[in-house]
Amino acid sequence: MNDDELSSILGRCLDQIAAGETASACLVGYPEHAAELASLLAMACELGTLGSYRLSEAARQRTRTRLRQAEAARRDRRTAPWWRSGSLVVPRAAAGLAAALFCVILTAGLVAASQPGDLAYGVRVVVERAPALLAAGAAGRARAELGIASRRLADLDRTMSSQQQALDGRAVSALLASAETAAEIAAGLPEEERGEIAALLAEQANALAQLGRAARQPKDAEALLLASERAHRDAERASRGVPTLDPQPAGPHHGPAASATAGPHGSPAPERTSSTRPRATETASPTPTHAMPSPTRATPDGAGRRPTTPQSPHTATPERRRPAATPNGASPAATSSGAGPSATSPGPGPSATPPDPGPSATSSGPGPNAASPGPGQGATSPGPGGQGH
Amino acid sequence: MYAAITDTQVVSLIPACQRGDSGAVERLYDLYADRIYHYVLARTGETQAAEDLTAEVFLRVVQHVHHFILDTARPSSSVSAWLYRIAANLVADYHRARRRWPSVSIEEDAPFVSDSLDPCQLAERHETLERLSGALEKLTEDQRLVVIGKFGEGMSNAQVAALLGKTEGAVEALQHRALRTLCRLLNVRAR
């Protein structure tokens, strides 16, 4: 006999007991299970003592009174305004909102007041790009990018004047990214507007060069001069209406921003090996004969030594060594002191075809040099710091 | 033995409770108070605690009845299930508190102030209740509800089946297993 049958028998026995029969009388019908059934029925009888307990009348009355009070209190809460209802939902929500608002204001304040070298500066750089993304029209966007570049330039100026902080790579990256974007956008604008933007870019490039010359740390100086060179190239592109100077788009690690800016916080740390060339050289324009005299940057010590492109860990490979001179041998000739970008010397060179970013158009200035070791040779992208546009 | 609670009663009471009708809340209390009391008593083994917790169950009902969604397919079962769930939670809280702050109930003095039974009988009753409640805690919730419903409240198999949303056969099986477990736990043998 299985459990189900025994369950049924137990049920029948319990029903019989409930109807007034005795346990013994019930067990007579099931002698083979009498022993087990007897203990189960005994247990059931013991459980029956639970039924002898009754909720006292006093307890019932007390509970009814409490229920009436609770119901009245609930009605009051439902009809009363929230500040008298005792509900904590609205005050809690308000407190949460106030706390959130406070946090937002505090964070915004910290970000707005951040300076190069601060943790929040990266956020500020990103946030301040918003106007450029929202600007209407190509010209407006180009000017907005220039405005952003000016801000970064002002940041760099402040950093370098304080003489206490190291150069922040993020500022340089952001400046170059904005300048490059402005130049790209300007390429599609009418000549007059292009000229204006190119002039502004050139001003910024010159300012960068001045900062570089004034920098105390040689590595800062190098980075700023390289950035200046790159900005000059952007100015040149803007003035000529060439969207890009480099036929081979560079990856995120090839841009000058990547190589000129060592890290998000630190100042650029170029490797000062005069014989080692960055990838930029390898990705240079395949028309080295167009090379203009490559600018030789004045180093802080006034030696006129060409700055080497700072190397990022991704680009520094021993086999990428550059010969001492460019194929046309013009590289070491020019100096950048006081030289403006192509905007100030827009005369087209012999090979100034629009898609060719050959630098002959700027042969009178220290503009970009396709074959020179300029930092931006292989890069149309601003590098990791300027990927946001 | 209590009269069965019909779906019609529940269907009219719950919306009235949700509207804030205090009379409806009291009627609901009258319908379910003894059942809940027996359930709580069987699980705590203390009459005073059972009275307090039963009251607390219905105070929770007042607080939360407007969130309760009545199952129109089986109204009385859904209300019963809701009330037993509240009671089970309160009992669990009670046991947790007892484990954290062990205390001696003043109820232990109660047998000596009762008029109806002599002290020996009261002490025996109290001891039985404690033993039963201790053993009932070892059962599953379904087994406990079957046992308390059947033997504490005198419900029929059909009523318990309706309460639990199970078949009568399932209730019989639960009853059998519960009794067998209790016999083993309490070492009950046929007299």
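I checked the handedness first: in this predicted model, α3(B) and α4(B) cross in a right-handed way (right-handed if the near helix is turned clockwise from the far one by less than a right angle, left-handed if anticlockwise). Helices here are DSSP runs of H or I, at least four residues, numbered from the N terminus.

I noted that the contact joins Ala49(B), Leu53(B), Glu56(B), Val57(B) and Arg60(B) of α3(B) to Leu83(B), Ile86(B), Ala87(B), Leu90(B), Val91(B) and Tyr94(B) of α4(B); residues are in contact if their C-beta atoms, placed from the backbone, lie within 7 Å. I sorted these residues into 9 nonpolar, no polar and 2 charged (Ala, Val, Leu, Ile, Met, Phe, Trp, Tyr, Cys and Pro are nonpolar; Asp, Glu, Lys and Arg charged; the others, Gly among them, polar).

Next I turned to the chain contact, which takes 41 residues from chain B and 35 residues from chain A. On the chain B side, I found the largest share, 10 residues, in α2(B). That side has 20 nonpolar, 12 polar and 9 charged residues.

Over residues 108–113 of chain B, pLDDT stays under 50.

For my bookkeeping, residues are numbered from 1 along each chain as its sequence is written, and chains are lettered from A and ligands numbered from 1 in the order written. As this is a predicted model, local features need pLDDT of at least 70 and side-chain atom pairs count only at pLDDT 80 or more, while totals for chains, interfaces and linings use all residues.

Methods. Helices (H or I, at least four residues) and strands (E, at least two) are DSSP runs, numbered from the N terminus. Two residues are in contact if their C-beta atoms, placed from the backbone, lie within 7 Å. pLDDT is the predictor's confidence in each residue, from 0 to 100.
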